[in-house]
Amino acid sequence: MNMVELTFSESIGAVLTLEKRARLKQIHEDLYNKKGKGSDFLGWLDWPSTLDEEFLKKVEKTAAQIRDKADVLVVIGIGGSYLGAKAVLSALAPYFSKESGLEVVFAGHQVSGEYLKQLLAHLDGKRVMVNVISKSGKTTEPAIAFRFLKDYMEKRYGKEAPERIIVTTDAEKGALLTLAEENGYERFVVPADVGGRYSVFTAVGLVPIAAAGYSIRDLVAGAANAEELYNNTDFDENPAAQYAAVRHQLYVEGYTTEVMATFEPKLSFVQEWWKQLFGESEGKEGKGIFPASVSFTTDLHSMGQYIQDGKRNLFETFLLVQKAKEDLSIFEADNDGDELNYMAGLSLQEFNHVAYKGTSSAHLDGGVPQLSLTIPKIDEYHMGHLLYFYMLACAYSAYLLDINPFDQPGVEDYKNNVFKLLNKPGF
Ligand SMILES: O=P(O)(O)OC[C@H]1O[C@H](O)[C@H](O)[C@@H](O)[C@@H]1O
């Protein structure tokens, strides 16, 4: 099968009118010739294929040191400085055990005294390292978390503390950079031309992912494969452009909310990552599809009602995985008290496939247009491929709305209000 197979409940061919193809061609040229809106932030576009060996070796060396020196890695960051690593690690990690021996925990992605206090208590008795990540180096939530973690590390490790703190931030500016320089922390750079939500293949994502024991080379190779495959103006063969074109068509027809649905609980943070990617990239100037997500079959027992019968402005995109890593089959019980013997022999993945078919046709009958994206399996290579696929599709999609996909001016408004309320100097 293809790396990403896209289907649409109507016809993709019908969406790809001559006019739409011409528009996609123009967008493709703007993107690859760096002439479109926000083109200063296209560093991610050829990043996977141009990553140099020296950089990968540096990340792997740091990862090996982390694994050698720590039982727990605390990754501090929010938004694009958090969700990429979280998405990949959640997708790859086993549900109940630490595959690699290193526990990766996150902080600074919210503000909770209870969480932070319990986290610090959790670290006691374990060997700890910290990777604090912030492109701007001044985001409040991770800064608060790092103030506590830095203090904890200094009290616990004394002079050795700086050797246990790694900073990932801008090369030239920000409070975090100053802290790193003053304290001599090891540093990784967030490239100036890569925005947070497009940064998973930079050190932002790669350091925590490598530290957890996963192959960043496979991850990046999957992304490089996507980079090569979807740099293609034959739009009949380009599912990234097709996905963008179909969502745009649905948006124009009044379907203003996209619900991403999966049957794999371990993809829930891919959904969160995808929501930031599309929400922050497209939601501007009074435009944009609202990205929402559900996890099936769980949410068929809650949100399923709304999807089936609620306001008809939704379309649904299933993210499906062809082959689960592990499976169980329902066995024949001597006593059929639970009345499940009719399913004996059926694997749980097969059950989910049936649930997908039943759900899909019910929601279609309910007036919900549908797309599906199927990937062969979940591993580093396929995750890398999928995330790059989404980033490129998102750029196409925002350009179809004539929106700059790479800025987020709206998020400053709430921050300014909070700073004013807190009497932050300068506000
Ligand atoms: O990496 P940072 O500069 O700390 O930014 C973290 C996040 O916060 C911001 O408010 C933006 O809305 C996000 O796009 C960004 O990913």
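Predicted model: local features only at pLDDT ≥ 70, side-chain atom pairs only at ≥ 80, totals over all residues.
Trainee: Where is Glu280 found?

Mentor: Glu280 is in helix H12, residues 268-282.

Trainee: Which residues are in contact with Glu280, leaving aside its neighbours within four places in sequence?

Mentor: Arg197 and Gln408. Contact here requires C-beta atoms within 7 Å.

Trainee: What does the record say about Glu280?

Mentor: The UniProt annotation "active site" covers Glu280 and Lys415. The entry is unreviewed. Such annotations may be inferred rather than shown by experiment.

Trainee: What makes Lys415 buried, exposed or partly exposed?

Mentor: Lys415 has 13 other C-beta atoms within 10 Å. Exposed needs 12 or fewer, and buried needs 20 or more. The value 13 falls in between, so Lys415 is partly exposed. Lys415 lies in helix H16, residues 411-421.

Trainee: Where is Lys275, and with which residues is Lys275 in contact, leaving aside neighbours within four places in sequence?

Mentor: Lys275 is in helix H12. With those neighbours left aside, its contacts are Pro291 and Ser293. Lys275 and Arg197 are 78 residues apart in sequence, and their C-alpha atoms are 9.9 Å apart in space.

Trainee: What makes Asp124 buried or exposed?

Mentor: Asp124 has 9 other C-beta atoms within 10 Å. Exposed means 12 or fewer. So Asp124 is exposed. Asp124 lies in the loop between helix H6 (113-123) and strand S4. Its C-alpha atom is separated by 36 Å from that of Pro425, 301 residues away along the chain.

Trainee: Why is strand S7 called largely enclosed?

Mentor: S7 spans residues 257-262. Five of its six residues are buried, so S7 is largely enclosed by the rest of the structure.

Trainee: How many bridges join S7 to S8, and in which sense do they run?

Mentor: Six bridges, and S7 and S8 run parallel. Two strands pair if there are at least two bridges between them. Six bridges meet that cut-off, so S7 and S8 are paired. Thr262 stands opposite Ser295 in S8.

Trainee: What makes S1 and S8 edge strands?

Mentor: Take the sheet order first. An open sheet of five strands runs S1-S10-S9-S7-S8, with mixed pairing. Strand S1 (5-8) and strand S8 (290-295) each have a single partner strand, so one side of each is left without a neighbour in the sheet. The twist averages 20° from one strand to the next.

Trainee: How do you know that S9 and S10 pair?

Mentor: By the bridge count. Strand S9 (residues 314-321) and strand S10 (residues 370-375) share six bridges in the parallel sense. At least two are needed. Thr317 has Leu371 as its bridge partner in S10.

Trainee: Why do S3 and S6 stand at the edges of their sheet?

Mentor: Five strands form an open sheet in the order S3-S2-S4-S5-S6, with parallel pairing. S3 and strand S6 (186-189) each have a single partner strand, so one side of each is left without a neighbour in the sheet. The twist averages 20° from one strand to the next.

Trainee: What makes S4 and S5 a pair?

Mentor: Strand S4 (residues 128-134) and strand S5 (residues 165-169) pair in the parallel sense over five bridges. The cut-off is at least two. Val132 stands opposite Val167 in S5. Helix H7 (residues 140-157) lies across S2, S3, S4 and S5, at about 155° to S4.

Trainee: Why is helix H5 called mostly covered?

Mentor: H5 covers residues 83-92, and nine of its 10 residues are buried. Among the buried residues are Leu83, Lys86 and Leu92. Elements that the buried residues pack against include strand S2 (72-76), helix H10 (216-230) and H12.

Trainee: Which residues come nearest the ligand?

Mentor: Of the 14 residues around the ligand, Gly79, Gly80, Ser136, Thr139 and Gly196. By class, the shell has three nonpolar, eight polar and three charged residues.

How values were computed: Residues numbered from 1 in each chain as written. Near = placed C-beta within 6 Å. Nonpolar A, V, L, I, M, F, W, Y, C, P; charged D, E, K, R; others polar. Helix = DSSP H or I, 4+ residues; strand = E, 2+ residues; numbered from the N terminus. Axes fitted to C-alpha atoms, helices over the stretch in contact; angles between N-to-C directions. Contact = placed C-beta atoms within 7 Å.
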